[in-house]
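Trainee: I have a model open and would like to go through it with you. May I start with the rings and then move on to a helix?
Mentor: Please do.

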Amino acid sequence: MRKLLLFLLASVCISIRTYAYSDHRFHNVDSLETVMAGWTAADIAAAGETELKSVANDLDDLMYGFVNTNSVKCEYYARMLLGISQRMDWYESVQSASKVIGQIFWAKEKYDSAAFYYGLAMDSIEKMTLIEDGADGFDTYTQRDKDDALSLMYGTLGNLYSIQDSTELAMEYYSKAGALFDKYGWDSSNSVLYGNMGTTMREAGRFKEAKEYALRSLEYAKLAGDSLLVAGSCKGLGGLYLEAGKTNKAIRFLNEANKYFADHEDEELLNRIESLDYTQQVLELQKKRMLAIISLLVAVLVLGGAIIHSQKRLKQTARENSEFSEVLEETIDAIRPVRAGNEPVLKPREKEIVDLISKGYTNADVASALGLSQETIKWYKKKLFATFGASNSAELVRIVTDRKLF
């Protein structure tokens, strides 16, 4: 999870590169490789500044063109770019190439090597900050560009120290990044950052601080208007409260996350499965607690304390939990891949519902007959419509009758 947050943080911050990065996706990396193959070390050593700028642009495109597909080639071109940029004192290019090499070592869990290249990147950024309003001979940048580079490296160093359990150093760098994000109103970046801070405190066993940072992550996600970040923050808070044993708060945040992931199943299947797993754990914990409560109540009743209201409440809670568990199990089954050639079948509960529908029962009638809520009946009907390609109840009954499924 920490690595995922690290690269998400990098993706929302990495706007500093002004000279070619935005165009690398439109370049054919194979063609660029062919061009670069024509440059020998001697050619590069003898090239003038104008030629080197062209070479650096191509190397930059190749570096980022391979960053997600081929780490070996990415590192090779990043090192070439780093050598030219160090020779020409192109500070922004030095920090960009150094950062990418550091990320490659991070992915290999070689944290000392990653720290070394992050250090090179920070040194270059510090040199950039000494240049007012302008350029280092190749790159051109503003104060915002400098702050952008600093915020990215602060967040990256925070992640590095966090994974090495240097909590205080991690929080120091996270705080520096957050201050810069606030300066420019980068709410999405702050949402990710505070999520990292919450995770760091959670792993350090400091629940109160973890909760505060996680809630701030949610606040920034809402400010940014990013529904995916909101869902991710809710899922994180659900997991945090689950770990703390606060099931009511956990289920409240998980329900909100599940609602989003259910509506974006094609894009967020893994997040949905993780969120449903948290939900199932909450339900299991609630059931265990309920059993303990029931045992206690039985003991009290044996002693002569019959408390009817509590019994009714427990029965209602048991029914709701049972209904929720049934829907959850159906949902998990539904998102598992269906083997080719398998004919859809009706489960016992589905047969009961289709049978009552065929008799003209309304949603309210079906819910009453089966002891379920109307929302649950609506959910089952929606699932059945999707499974059998029906657009209404009558068509559903006709299809399952024709297939002799009940």
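**Rings, core and a helix**

Trainee: What sits over the ring of Phe 105?
Mentor: The charged end of Lys 108 sits over that ring, 5.7 Å from its centre. Please keep in mind that this is a predicted model.

Trainee: And which charged end sits over the ring of Phe 253?
Mentor: That of Arg 252, at 4.5 Å from the ring centre.

Trainee: How many aromatic pairs does the structure hold?
Mentor: There are 15 aromatic pairs. One of them joins Tyr 76 and Tyr 77 edge-to-face, with 5.1 Å centre to centre and 75° between the planes. Ring pairs also link Phe 66 with Tyr 76 and Tyr 77 in a cluster.

Trainee: Why is the pair of Tyr 184 and Trp 186 called stacked?
Mentor: Their planes lie at 20°, and planes under 30 degrees apart count as stacked, so the pair qualifies. The ring centres are 4.8 Å apart.

Trainee: Are those two residues buried or partly exposed?
Mentor: Tyr 184 is partly exposed at 23% relative accessibility, whereas Trp 186 is buried at 16%.

Trainee: Turning to the core, which residues touch the most other members?
Mentor: Leu 59 and Met 63 do, in the largest nonpolar core, which has 81 residues. Leaving aside residues up to four places away in sequence, Leu 59 touches Met 36, Tyr 77, Met 80, Leu 81 and Ile 84. Tyr 77, from the edge-to-face pair, is itself buried at 6% relative accessibility.

Trainee: Now the helix. What is the reach of H11?
Mentor: H11 covers residues 207-224, and its 18 residues reach 26 Å from the first C-alpha to the last, close to the 26 Å expected.

Trainee: Which of its residues are buried?
Mentor: Ala 210, Tyr 213, Ala 214, Ser 217, Leu 218, Tyr 220 and Ala 221. Seen down the axis, the buried residues of H11 fall within an arc of 165°, so they line one face of the helix. On the other side, Lys 208, Lys 222 and Leu 223 are exposed.

Trainee: What covers the buried residues?
Mentor: The cover includes helices H9, H10, H12 and H13. Ser 191 is located in H10 and touches Ser 217, Tyr 220 and Ala 221, among others.

Trainee: Why does Ser 191 count as buried?
Mentor: Because its relative accessible area is 2%, and buried means under 20%.

Trainee: Finally, which residue takes a positive phi just after H11?
Mentor: Gly 225, with a phi of about 70°.

Definitions and conventions
Residues are numbered from 1 along each chain as its sequence is written. This is a predicted model: local features need pLDDT of at least 70, side-chain atom pairs count only at pLDDT 80 or more; totals for chains, interfaces and linings use all residues. Side-chain values use heavy atoms; hydrogens and water are left out. Helices (H or I, at least four residues) and strands (E, at least two) are DSSP runs, numbered from the N terminus. The expected span of a helix is 1.5 Å times one less than its number of residues. Buried means under 20% relative accessible area, exposed over 50%, partly exposed in between (1.4 Å probe, protein chains only). The arc is that of the directions from the helix axis to the C-beta atoms. Contact means heavy atoms within 4.5 Å. A nonpolar core is a set of buried Ala, Val, Leu, Ile, Met, Phe, Trp, Tyr and Cys residues joined through side-chain atoms within 4.5 Å. Rings of Phe, Tyr and Trp (its six-membered ring) pair if their centres lie within 6.5 Å; planes under 30 degrees apart count as stacked, over 60 as edge-to-face and the rest as tilted. A charge sits over a ring if NZ of Lys or CZ of Arg is within 6 Å of the ring centre and within 35 degrees of the ring normal.
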